[in-house]
Amino acid sequence: MLKERLKARKLHSKLIEVQLLECILLMILYVLSYDFAWGFIYNNFSPFFIMDDHLRHIGVALLMIFILSFYKSFNFLERSYSEVFKKIISSNFLLNAAFIILLYFTSNAQLPAAFFIGAYAMQIIFFVIIKALVDLIGRKTIDKSINLVIIEDFYSTSDILKALRKQCRGKIAVVSNDDENLRIHVENADNIFLAGSVTKKLKSKVVSYCTLEDKKIYIVPEIFEIAVRNSASDYVGDTPVFTIQSFRLTEVQKFVKRLEDVTLSLLGIVITAPIFLLACIIIKHEDGGPVFYTQERSGLNGEPFHVIKFRSMVVDAEEHTGAVLALDNDQRITRAGAFMRSSRIDEIPQFFNVLTGSMSLVGPRPERPVFVEEYSRRYPEYYCRLAVKPGITGLAQVKGRYTTSAEKKMKFDLMYIINYSFLLDLKILFQTVRVVFRREQSKGFDEKEVVNCLYIPEPDTVEINTGSAGN
């Protein structure tokens, strides 16, 4: 065991050296990019000898290293190439914009836009080359499994592996929590993923061991663990305790959120007005039925309200089926409806729900009362998500899919409530724009998913049909 620990620590030291090498190379090339840009544009490399310019460029380079470190861009085990490059491009763009503003107020020199465009282009090229080089060195440094998935639920194994392979670049080993060689697997891995099926006793042992051995742990949280996330440390006598707040917004937060909802929903109505009118014409022309569809949903504190959407299914789609969930390629979805559902256009009328105060722009998606009753029976904490107004979009919508289980969506919703801020709302709204172009996230259930997902009631519960969904 001592030999394995020494080997792991030696590997960790090598990885730190690789990351340090990346920081130094980026620092040097970032500074030189401004000099090269000047030289290529003016065929004059005189800035090489101006100390003030170099000091300013070094300061900007240091800030860039700090930002990339904050986004964990130097840890090649935890970020995919695409995610790292997105952070590099966006962070570099914002930093150069800030640098231009700084020069405008602190320097008499009027530098042309071509200078910054050239510097920015070279910085991106340098970053990509260095990242590829460092990643190659890092991969040769590692010769063992990097991530361990401890899991019992074999149905979700493929989903977890698929997500981890996108996020992590190292090797992945999958073992059961009753594997007799479990301890050896944990000792030989740097990152441990504990699935939700792991027992609390085993979770406690693994967490205790990994924190002592400087191993990173990914945990699927229980509900109480989400609540503890933002708890305050306190003590009662000589006993340390956590003070956990309820899943509710403060009065100030409610006021800010309402102001945000009214302002942005009015803006959204104005921006989407052409799409709104076009959708009305297409729906009416296709089958002559009503343009809008209203449906009862559970709102704040479980109070019922009627959500309004563009009709995307045939008239009276649930007349013979009752409350159901959407299947992929549902025969009751109209041609126009299929496009509207995949592009989220059918949600546009909900801006008016936001204006009337029954919904918010960002929050847990409103569920139908029959589903709320069923999910609450399964998960007593489900009612906690009703402590805030439901939203057109939410954390569960940008991070999950339509077919994501009710339990996982509930955890996303509770994480949103406990971490609520105006900036978080803006981040989710921006991410929603990106999600609109991802058809797979709006894809309905197929027959296999319906059988296996947690939406289906247990044998002793009231039956819920699994045919086509309501609008």
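Colleague: Which handedness does the β-α-β unit of β3, helix α7 and β4 have?
Modeller: A crossover is called right-handed if, with the strands pointing away from the viewer, the path from the first strand over the helix to the second runs clockwise. Helices (H or I, at least four residues) and strands (E, at least two) are DSSP runs, numbered from the N terminus. For β3, helix α7 (residues 200-212) and β4, the unit is right-handed.

Colleague: Before we go on, what kind of model is this?
Modeller: This is a predicted model, in which local features need pLDDT of at least 70 and side-chain atom pairs count only at pLDDT 80 or more, while totals for chains, interfaces and linings use all residues. Residues are numbered from 1 along each chain as its sequence is written, and side-chain values use heavy atoms, with hydrogens and water left out.

Colleague: In β4, which residue is the bridge partner of asparagine 191?
Modeller: Two strands pair if DSSP finds at least two bridges between them. β3 and strand β4 (residues 216-219) pair in the parallel sense, over four bridges. The partner of asparagine 191 in β4 is lysine 216.

Colleague: Are the residues of strand β3 buried or exposed?
Modeller: Buried means under 20% relative accessible area, exposed over 50%, and partly exposed in between (1.4 Å probe, protein chains only). Asn191 and Phe193 point one way from strand β3 (residues 191-194), and Ile192 and Leu194 point the other way. All of them are buried.

Colleague: How many residues of strand β5 are buried?
Modeller: Strand β5 (residues 232-236) runs antiparallel to strand β6 (residues 239-243), with five bridges joining them. The two form a hairpin with two residues between them, and glycine 237 in the turn has a positive phi of about 65°. β5 is hardly covered: among its five residues, the count of buried ones is zero.

Colleague: What is the geometry of the aromatic pair of phenylalanine 93 and tyrosine 120?
Modeller: Rings of Phe, Tyr and Trp (its six-membered ring) pair if their centres lie within 6.5 Å; planes under 30 degrees apart count as stacked, over 60 as edge-to-face and the rest as tilted. The structure holds 13 aromatic pairs. Phenylalanine 93 and tyrosine 120 lie 6.2 Å centre to centre with 75° between the planes, and their pair is edge-to-face.

Colleague: Which helices does that pair link?
Modeller: The two residues are 27 apart, and the pair links distant parts of the chain. Phenylalanine 93 is in helix α3 (residues 81-106) and tyrosine 120 in helix α4 (residues 113-141), so the helices are α3 and α4.

Colleague: Why does the pair of phenylalanine 371 and tyrosine 375 count as stacked?
Modeller: Their ring centres are 6.1 Å apart. Phenylalanine 371 is buried at 3% relative accessibility, and tyrosine 375 is buried at 1%. The pair counts as stacked because the planes are at 15°.
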